[in-house]
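Let's take a walk through this model together, one element at a time. Have the sequence and the coordinates open as you read.

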Amino acid sequence: MRYEQILNCLCNQPLLADPSKINSVLGAIGGKLGISGLSVDGEVRAIPRALMPGPRADLIDLDDEDDEPLDADSQHKLYPIDRNVAVIRIVGTLANRGAYIGASSGVVTYEGLHMQLAQAERDRDAKGVLLDFDTGGGEAAGCESLVHRIGRLAAKKPVWAALGDDALSAGYWLASAAGVITVPKLGGVGSIGCWSLHVDFSRALDAEGITPTLIQAGRKKTLGHPFKSLKEQEGAQAYIQKVVDECRQTFAESVAHYRGLSLKKVMDTEAGVMTGAEAVAAGFADEIADRHQALNALAKKVAVL
């Protein structure tokens with residue numbers, strides 16, 4: 001993926017990610033684009049380095065609900081099978097496109113997860129699916145579609161979301177569609193909110209003696225452009241705020257639906273993070289367990305199916 005493409009995914013787009021986690025992504029591209037720190041509330045913070053995405057996986061048909069089930073010897077597994085449980089890792093920053101499915105890359109895409117879930121749905125060996133989470137979230141685009149795929153699969157096979165540590169923001173949205181969510185005592189869930197990042201390059205360009213001129217047709221065409229501060233762009237901040245408000249509303253409505261909670265209860269979290277017993281007591285998770293305990297419990301459940 002081009003560095004500019006990744007930056008475009010981050011800037012002026014609704015993000016479902018813990019703000020502290022997004023620094024790792026910016027760290028991977030910051031040096032290439034002249035960004036060495038992120039200004040938060042007036043304080044410039046250094047951005048750490050992060051791993052870039054790994055190799056592409058072989059593509060399979062994403063629209064395969066009517067396809068015949070796959071026999072054990074007729075497919076290349078996109079996930080390990082443990083006692084008839086397909087284990088799909090959702091570890092790292094979440095992005096929409098790219099077909100990367102290796103969690104070891106540091107980036108997991110919704111496109112790659114669609115592939116794995118589509119295969120698990122048809123896999124005779126996979127009587128259950130364990131979604132192994134450890135993520136602070138990521139991109140909003142594409143997340144809702146994957147949530148509904150998980151929900152459809154959970155209606156056909158046991159699907160559990162097991163947190164190795166955290167499932168926050170987009171990660172929690174995905175986990176919410178599973179039939180069971182397990183969380184370790186100190187693991188975190190929630191962050192049911194949305195935000196957007198605008199990077200203002202105008203002062204850096206001034207320092208370099210560069211004066212860009214934007215020529216546009218349509219007053220809103222360049223809203224949020226990085227060559228101007230938001231103060232210079234009438235209506236830009238209000239427009240971006242509207243987008244993130246709508247994203248949060250959709251996110252919360254979906255969580256309320258899958259978890260059987262009231263929309264008010266979900267919205268009242270104000271995008272806060274809950275840990276362990278607090279999350280279970282509030283109905284945002286089901287049991288306290290580490291991911292190994294969750295896998296053992298799910299394996300026992302599918303053994304009698």
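Gln 293 is partly exposed, at 46% relative accessible area; here buried means under 20% relative accessible area, exposed over 50%, and partly exposed in between, computed with a 1.4 Å probe on protein chains only. Gln 293 belongs to helix α10, residues 291-303. Helices are DSSP runs of H or I with at least four residues, strands are runs of E with at least two, and both are numbered from the N terminus. Follow the chain from Gln 293 back to Pro 184 and you cover 109 residues in sequence, yet their C-alpha atoms are 9.8 Å apart in space.

A word on what you are looking at: this is a predicted model, in which local features need pLDDT of at least 70 and side-chain atom pairs count only at pLDDT 80 or more, while totals for chains, interfaces and linings use all residues. Residues are numbered from 1 along each chain as its sequence is written, and side-chain values use heavy atoms, with hydrogens and water left out.

Now turn to the strands. Strand β5, residues 85-91, is mostly covered, with 6 of its 7 residues buried. Two strands count as paired if DSSP finds at least two bridges between them. Strand β4, residues 81-82, pairs with β5 in the antiparallel sense over 2 bridges, and Ile 81 stands opposite Ala 86 of β5. The hairpin of β4 and β5 has 2 residues between the strands, and there Arg 83 takes a positive phi near 55°. β5 is also joined by 7 bridges to strand β8, residues 128-135, and these two run parallel. In that pairing, Val 87 faces Leu 130 of β8.

Next comes helix α4, residues 143-154. Its 12 residues reach 17 Å from the first C-alpha to the last, close to the 16 Å expected at 1.5 Å a residue; that expected span is 1.5 Å times one less than the number of residues. The buried residues of α4 are Cys 143, Leu 146, Val 147, Arg 149, Ile 150, Gly 151 and Leu 153. As a reminder, an α-helix has 3.6 residues a turn, so residues three or four places apart point the same way.

How many disulfides does a search of the whole structure find? The search finds 0, where a disulfide is a pair of cysteine sulfur atoms within 2.5 Å. The sulfur of Cys 194 has its closest cysteine sulfur in Cys 247, 3.4 Å away, which is too far for a bond. Cys 194 counts as buried at 17% relative accessibility, and Cys 247 is buried as well, at 13%.
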